[in-house]
Amino acid sequence: MGKVILIVDDETKNVKLLRDLLQFKGYDTLEAPNGREGVKIAKEQQPDLILMDIQMPVMDGIDATKLLKEDPATKEIKIIALTAYAMKGDDSVAIVAGCDGYMTKPIDTKEFVNDIESYLEV
């Protein structure tokens, strides 16, 4: 079985693009429309990596990341913050919350999978 990546994003176009890029490279994907659902799926499915949007309804990516990193069952899952509305200092807020990496949207579709593969290496 291939590596599983959970995409947590409320924008369906973003989810489709990420899913298509990842599946083309052989990754399995899971999807969640908000942080609360992302936390639930992460606990149930134990993905290898989570791509976490920051600004979402119901529960944002910062709060979801904190919950996942506080839980012994999910704290080792790598989380990359992925946001379209990057403000100065947002990267440090994401890292302090527990994110293992930070990327801004729009993504570079040619480099995206290469960029996240470093987080999947054991």
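**Asp 53 and the chain around it**

Leaving aside neighbours within four places in sequence, Asp 53 is in contact with Val 8, Asp 9, Asp 10, Gly 61, Leu 82, Thr 83 and Lys 105. The model is a predicted one, and the values here are computed from it. Asp 53 sits in strand S3, which covers residues 49-53. With a relative accessible area of 5%, Asp 53 falls under the 20% cut-off and so counts as buried. One of its contact partners, Lys 105, also shows up in a polar contact: the side chains of Asp 53 and Lys 105 are joined at 3.4 Å.

Zooming out to the whole chain, there are five helices and five strands. Going along the sequence, they follow the pattern β-α-β-α-β-α-β-α-β-α. The radius of gyration comes to 13 Å, close to the 14 Å that the globule rule gives for 122 residues, so the chain is as compact as a globular protein of that length. As for overall dimensions, the C-alpha trace spans about 30 × 30 × 25 Å along its principal axes.

What about the inside of the chain? Of the 122 residues, 43% are buried, and Asp 53 is among the buried ones. Taking contacts with a separation of 6 or more, 61% of them come from residues 24 or more positions apart.

Key: Residues numbered from 1 in each chain as written. Predicted model: local features only at pLDDT ≥ 70, side-chain atom pairs only at ≥ 80, totals over all residues. Heavy atoms only, no water. Helix = DSSP H or I, 4+ residues; strand = E, 2+ residues; numbered from the N terminus. Buried < 20%, exposed > 50% of the residue type's maximum accessible area, 1.4 Å probe, protein only. Polar contact = N/O pair within 3.5 Å; in protein donor to acceptor, adjacent residues only side chain to side chain. Contact = heavy atoms within 4.5 Å. Rg over C-alpha atoms; globule rule 2.2 N^0.38 Å.
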